Amino acid sequence: AVDWIVQYDPPDEPKAYIHRVGRTARAGGQGRALLFLLPQEMAFLKYLKQANVPVSEFEFPASKLANVEAQLQKLVAKNYYLHKSARDAYRSYIHSYNSHSFKDVFDVYALDLAGVAKSFGFENPPKVTLMLKANPKEPQRRKGKAGRFSEDNPYGSRPKQEDRRQFSR
């Protein structure tokens, strides 16, 4: 029997959370779960409370936590297969984070990528291909070819327009 569900990655919505925790509440038992959230994800608790999920919050003092970051980084750096797996997991985590339905809570563009990389055993974020759309909060770049360099416009000059000078031939 499963007594506890420990979640390092929050579910997409409260229904999924209830379903996961419900696996521990079989045969009249009581479901127990531990959900780890980043400080910027605490707003997810609001959605759990709206779904009538009883929530107890805990903060762990830093003195009670073991710092294994350096050992994890050494291990990932030495082992090729572990490094490859960690890189794939890092990429998958970011894609999963981007797919959350509560964009106000799980904003992939506000995610601390260096911190996430460290949690997967990297000293610096690894180079991975991410197929994410441009950040909707940033202003869009000007589109169009006027004044831009291209094969057809190698000097970046403006496209020729009708000559409107007063004394033209």
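Two residues are in contact when heavy atoms of theirs lie within 4.5 Å. Keep that in mind as you look at this predicted model.

Now look at the overall plan. The protein has five helices and two strands. Read from the N terminus on, the elements run β-α-β-α-α-α-α. There are 169 residues in the protein, and buried residues make up 22% of them.

Start with Arg 32. Find this residue in the loop between H1 and E2. Arg 32 has a relative accessible area of 42%, so it is partly exposed. Which residues does Arg 32 touch, not counting those up to four places away in sequence? They are Asp 3, Trp 4, Ile 5, Val 21 and Thr 24. Take Trp 4 from that list. Arg 32 and Trp 4 are 28 residues apart in sequence. In space, their C-alpha atoms are 5.1 Å apart.

Move along to Asn 52. This residue sits in the loop between H2 and H3. Its phi is positive, at about 60 degrees, although Asn 52 is not a glycine. Is Asn 52 buried or exposed? Its relative accessible area is 69%, so Asn 52 is exposed.

Next comes a pair of helices. Helix H3 covers residues 69-78, and helix H4 covers residues 80-98. They pack at an angle of about 110 degrees, and their axes are 5 Å apart. Because of that angle, H3 is roughly perpendicular to H4. Which residues meet here? From H3 come Leu 75, Val 76 and Lys 78. From H4 come Tyr 80, Leu 82, His 83 and Ala 86. By class, this contact has five nonpolar, one polar and one charged residues.

Lys 74 belongs to helix H3. Lys 74 has 57% relative accessibility, so it counts as exposed. Where does the chain bring Gly 121 relative to Lys 74? The two are 47 residues apart along the chain, and their C-alpha atoms are separated by 8.0 Å. Ser 92 belongs to helix H4. At 39% relative accessibility, Ser 92 counts as partly exposed.

Follow the chain on to His 100. This residue lies in the loop between H4 and H5. Is His 100 buried or exposed? Its relative accessible area is 3%, so His 100 is buried. The cut-off for buried is under 20%. What is His 100 in contact with, leaving aside its neighbours within four places in sequence? The answer is Asp 9, Pro 10, Pro 11, Asp 12 and Phe 106.

Finish with the largest pocket. About 1700 Å³ of space lies inside it. How many residues line the largest pocket? The lining has 42 residues. Those nearest the centre are Leu 34, Leu 35, Phe 36, Leu 37 and Phe 60. By class, the lining divides into 27 nonpolar, eight polar and seven charged residues. Which elements each supply at least two residues of this lining? Helix H1 (14-22) and strand E2 (33-35) do. Helix H2 (44-50) and helix H5 (113-119) do as well.

Notes. Residues numbered from 1 in each chain as written. Predicted model: local features only at pLDDT ≥ 70, side-chain atom pairs only at ≥ 80, totals over all residues. Heavy atoms only, no water. 1 Å grid on protein atoms, 1.4 Å probe; cavity = no way out; pocket = protein on both sides within 12 Å on 5 of 7 lines; lining within 4 Å. Points joined across faces, edges and corners; volume = space filled by probe spheres on them. Helix = DSSP H or I, 4+ residues; strand = E, 2+ residues; numbered from the N terminus. Nonpolar A, V, L, I, M, F, W, Y, C, P; charged D, E, K, R; others polar. Axes fitted to C-alpha atoms, helices over the stretch in contact; angles between N-to-C directions. Parallel < 35°, antiparallel > 145°, perpendicular 65-115°, else oblique. Buried < 20%, exposed > 50% of the residue type's maximum accessible area, 1.4 Å probe, protein only.
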